Amino acid sequence: MTTEVKNKLNVEINGIEVGCGTGSRVLDAIRAAGFDVPTLCFDERSGPQGTCRMCLVNVEVDGQPQQVAACTAFSSEGMKVETHSDSINQYRKTLLELLLSETSSPANCPKCLSFKKCELHSAAEEYDAKWDAFPSLVPREKAPDPNPFIQRDYDYCISCFRCTNVCNDWEQAAAITVKGRGQDNSIASYFQNNLLDSPCTFCGQCINTCPTGALTDKKIVGTTKADNVERTKSICPYCGVGCGIHLLTEDGELKGTEPDFDAPSRGSLCVKGQFASWEFVKSDERLKYPLIKEDGAFRRASWDQALDLIKAKFTTIRDESGSDSLVCWSSARTVTEANYLMQKFARIGIGTNNIDNCSRT
Amino acid sequence: MAVMVGKGAMTNSIEELAGTDLLLVAGSNTTEAHPVISLRMKRAVRNGAKLIVIDPRKTELTKWATRHLRINIGTDIPLFNALAHVMIREDLFDHEYVENGTEGFSELAKHVESYTPEYASEVCGVPVQDIIDTAREYAAASGKAAICYTLGITEHSCGSHNVQSVANLGMLGGNFGKQNAGVNPLRGQNNVQGASDSGALPTDLPGYQKIERPGVREKFEKAWNSELPKRRGITKITAMDQMLRGKIRAAYIMGENTVVSDPNTNHAQAALEATDFIVVQDIFMTDTAKLADVVLPAGTFAESDGTFANSERRVQRVRAAIKPVGEARTDVDILLDLMNRFGVDQNLETASDVWDEMRSLAPLFTGISYERLDKEGGIQWPCPTEDHPGTPYLHKDEMDSGMPGYFAPVDHIPPAEQTDVEYPLVLTTGRRRSTYHTGTQTGRASGFDLLVPSELAEIHPYDAEQLDLSDGEVITVSSRRGSVEVPVKITDRSPHGTIFMSFAFPELTQTNRLTSDAYDFITETPEFKACAVRIDKIEESRATAD
């Protein structure tokens, strides 16, 4: 959410001056100036944690050089920020290699094999961090989970805790938590239950905040190549909240959906929007051509035949019984434009105000 | 609500709910029906707001509530009138707002005099002190209190009176025209707001312009270059009755599974069967489409360009990502072709052209262009000009400029169908989170059968014991109109004497074979929330049948 910015501060990012509001973070200023740093533990909806240390930057305040985590540090007047010095880049590379040593091979990353390159492996590519630079710490404790929606593979977990924060603070479902300490920590549901037996509502927010392949959409893993996926901004087709979604397509075929974080819904979805908003589109049971009923059975017809028959029948009935003997019922499920045409058709195509929609049910 | 304060829509934005001091949620199972809105409610509670839930059922949201008023089904008006009674008696209402922004206060005050908390307590089954405390808390949060309601308020034969009693309270509290304070109907379907916005109503042209208001019809006749019918149209519910009497002979039904979603399925089916010629335009062969003479294959949202308007009046772009399957066409393309054949002369080719015509004729949306939607994301109406930012909350200026809200004194009307010896239980219907409406879409998504495998009749443990039912047992539920078989789920979510069902599994359990065809006499919204039923064990009902 953008809050009103009253007092402006001037901050210099890599030599570029930007204005930002008092109380804003260094990360905001960096992004406002058109730069970016990896933020593996940061989800703006649950606030900064400052634990992954990937966003560490050099700053100079009143001539004093310091290093701060950009997600937690506040901007101050005249602050000078350097985001990509050689030593910082080398530091990020080493940090990434340590994180990678906790995970399985990037070649099999479930997220990179679904619809988007994961944040960890994107950063690894950017900083040329090697997966096998340090001895591997995998495999970790597995969490096999027979639910049909969320794939949990903690061999890719880097313990950023974005999933538990989103589940507890943003979604307020409290289905998962952190179990164990230090290197032995893992993400678990309470009493190690399966998600189906937990308070999990399968909203999918954990999948979408997870910066690695640890949590993925079971329905999409392995069906697409991240680089080929195209995104179309749209709106969830279910309830009246109207959450923003992206439709994911590959070669003109619908492959899935993901939440749109730039929409007013800020990435929120429920189980229907996350996991049920696209398969019905591809169902074999879709109606594919016009049908005309003859002697009690439907037969395939052309559009011309179907629409001309409607014209003929409607006209006959109107001539015999008047235009108010016809009704049109419009739909709360389709676009407003189609509803507009439907009422216009009823009013001047047929000549009746007998037009209603399903808002009463 | 439109009768009292202008337009039937959420007065606030969804995000504003998180910043309230008090939320009064009436007849809304928000965590299941509008999960993402419930997140904002829970956030408000975490920030210290009070959450008062008015619902006969112990819904999930009641776990977050600071108070749960578990009222008897269909007794909303006595409760809201009693809340108004306490606010007036204890002089807790917003004097400035009532004097400057409303009319009809003295009538209301007189009317609710007899609705003492003691009287309401008896009718509603809620403790007297809870009613008094709720009124005091609501009054104390004046200017930061929002009411949210859904079909638990409207799906009654007195639904529009229920809404008026809710709005009365909002006005007494001075909770209109302010951020974080308002009265909010949460809309059910993705574009129910847009369907009404577009003028698909028997009384309104696009943008809620009344056909019968002088000048309105003339404006559209000029723009459409055609004469418009003068007489207001009939609603769907009325039309269905007239079909049975042979007065409605043809119907064009777009994207609606009327047979399953409407009350009293047997009646709806008979009505359509009695109609000479029916066209259904849909994406699946629904039970309604099976009754049609012509079925037209439509495109889904993923194949269509256009807009949806959400519950907070936000117009948002829907974009085609793929081509329609087979020979299917988008609803817009089908209707443009059809209108062309009917000789409607219009220069429209795309959804964008259609929207531009609509906004040019409806001041509420004039400033919302596709170009702006692409650039800015969704925009909330009213938005009269292209440099207008949209309207996050309603009534800010109207109230100031002396456009009053009208208090409407209303009385308690019990549900049309009462229980009796033969049908001793009340059936109330509603939604579950992981199924949607008639199930044509969620029923086709893999994995959802694990979350809720079939319809369930939720029944209180006491009633189950009386009827000797065990959890999961398949029973027969019957009303005066029909009967269905369904497994029972024993839970204290349902109050005594009441069972709850959804209607998302029509192949096995057509819940609406049971529901009443009573409806609200103003809006004609059906009374889905209460009808009298009986439960029989299967062996018994089979034995009786023999």
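Two residues are in contact if their C-beta atoms, placed from the backbone, lie within 7 Å. The structure described here is a predicted model. By that criterion, the contact between the two chains takes 116 residues from chain B and 97 residues from chain A.

## The interface

On the side of chain B that touches chain A, the largest share comes from helix H16 (residues 331–341) of chain B, which supplies eight residues. The residues on this side of chain B divide into 61 nonpolar, 32 polar and 23 charged.

Strands of the two chains also pair with each other. Strand E15 (residues 326–330) of chain A and strand E9 (residues 250–254) of chain B pair in the parallel sense over four bridges. Within this pairing, Leu326(A) has Ala250(B) in E9(B) as its bridge partner.

| Strands | Sense | Bridges | A bridge partner pair |
|---|---|---|---|
| E15(A) and E9(B) | parallel | four bridges | Leu326(A) and Ala250(B) |
| E13(B) and E14(B) | antiparallel | two bridges | Arg314(B) and Gln380(B) |

## A sheet in chain B

The second pairing belongs to an open sheet of three strands in chain B, in the order E12-E13-E14, with antiparallel pairing. Its edge strands are strand E12 (306–309) and strand E14 (379–380) of chain B, each of which pairs on one side only. Strand E13 of chain B covers residues 314–318.

## Two packed helices in chain B

Two packed helices are described by the angle between their axes and the distance between the axes. Helix H4 (residues 76–89) of chain B and helix H6 (residues 105–112) of chain B pack at an angle of about 110°, and their axes are 9 Å apart. H4(B) is therefore roughly perpendicular to H6(B). From H4(B), the residues Asn81(B), Ala84(B), His85(B) and Ile88(B) meet Leu108(B), Ala109(B) and Val112(B) of H6(B). The residues of this contact divide into five nonpolar, two polar and no charged.

## Arg67 of chain B

Arg67(B) lies in strand E3 (residues 67–69) of chain B. Apart from neighbours within four places in sequence, Arg67(B) is in contact with Ile52(B), Asp130(B) and Thr134(B). Arg67(B) and Leu450(B) are 383 residues apart in sequence, and their C-alpha atoms are 33 Å apart in space.

## Domains of chain A

The domain assignment of chain A gives domain 1 (8–84), domain 2 (102–224), domain 3 (229–286) and domain 4 (291–360). Between domain 1 and domain 4 of chain A, the C-alpha centres lie 60 Å apart.

How values were computed
Residues numbered from 1 in each chain as written. Chains lettered and ligands numbered in written order. Predicted model: local features only at pLDDT ≥ 70, side-chain atom pairs only at ≥ 80, totals over all residues. Domains from an automatic or database assignment. Pairing = 2+ DSSP bridges. Axes fitted to C-alpha atoms, helices over the stretch in contact; angles between N-to-C directions. Parallel < 35°, antiparallel > 145°, perpendicular 65-115°, else oblique. Nonpolar A, V, L, I, M, F, W, Y, C, P; charged D, E, K, R; others polar.
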